[in-house]
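Thank you all for making the time this morning. I would like to walk you through one protein, going from the overall fold down to a few side chains.

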Amino acid sequence: MQWYSRFEIKRMQLLESIGKKACIGNFSVANPDYSLWQDFSNAVNYATGHGHFLGLHEYGPTTMGDRSDDFSLRHRRVYQDNG
């Protein structure tokens, strides 16, 4: 995840050089594991500070049940745990 963070930062910088913005991550539902987000935080912080976006797929069944935090509103815990 640290490598991916560095990759995304470089990609954002390259896009900025041609006047574009990036949507980083685009992780599938319930991914990555919460323990890996700290290793991706540099990319998220760079994106936040430079007008880029974090993409997360957050959706699930019509009744969320006991795994609702894995399917929707996951970004809230990611931001809470990682600043």
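Predicted model: local features only at pLDDT ≥ 70, side-chain atom pairs only at ≥ 80, totals over all residues.

Residues are numbered from 1 along each chain as its sequence is written, and side-chain values use heavy atoms, with hydrogens and water left out.

The protein has 4 helices and 2 strands, where helices (H or I, at least four residues) and strands (E, at least two) are DSSP runs numbered from the N terminus. Read from the N terminus, these elements follow the order α-β-α-β-α-α. Of the 83 residues, 29% are buried, and here buried means under 20% relative accessible area, exposed means over 50%, and partly exposed lies in between, with a 1.4 Å probe and protein chains only.

Let me move to the aromatic rings. There are 7 aromatic pairs in the structure; rings of Phe, Tyr and Trp (its six-membered ring) pair if their centres lie within 6.5 Å, and planes under 30 degrees apart count as stacked, over 60 as edge-to-face and the rest as tilted. Tyr4 and Phe40 make a stacked pair, with 5.4 Å between centres and 20 degrees between planes. This pair links distant parts of the chain, since Tyr4 belongs to helix H1 and Phe40 to helix H2 (residues 37–50), 36 residues apart. Tyr4 is partly exposed at 23% relative accessibility, whereas Phe40 is buried at 0%.

The rings of Phe27 and Trp37 have their planes at 80 degrees and their centres 5.4 Å apart, so that pair is edge-to-face. Because Phe27 lies in strand S1 (residues 23–27) and Trp37 in helix H2, the pair ties together parts 10 residues apart in sequence. Both Phe27 and Trp37 are buried. Ring pairs join Trp3, Tyr4, Phe7, Phe27, Trp37 and Phe40 into a cluster.

What about Glu8, then: is Glu8 buried or exposed? Glu8, which is found in helix H1 (residues 2–16), is buried, with a relative accessible area of 2%. Leaving aside residues up to four places away in sequence, Glu8 touches Ile24, Gly25, Phe40 and Ala43, contact meaning heavy atoms within 4.5 Å.
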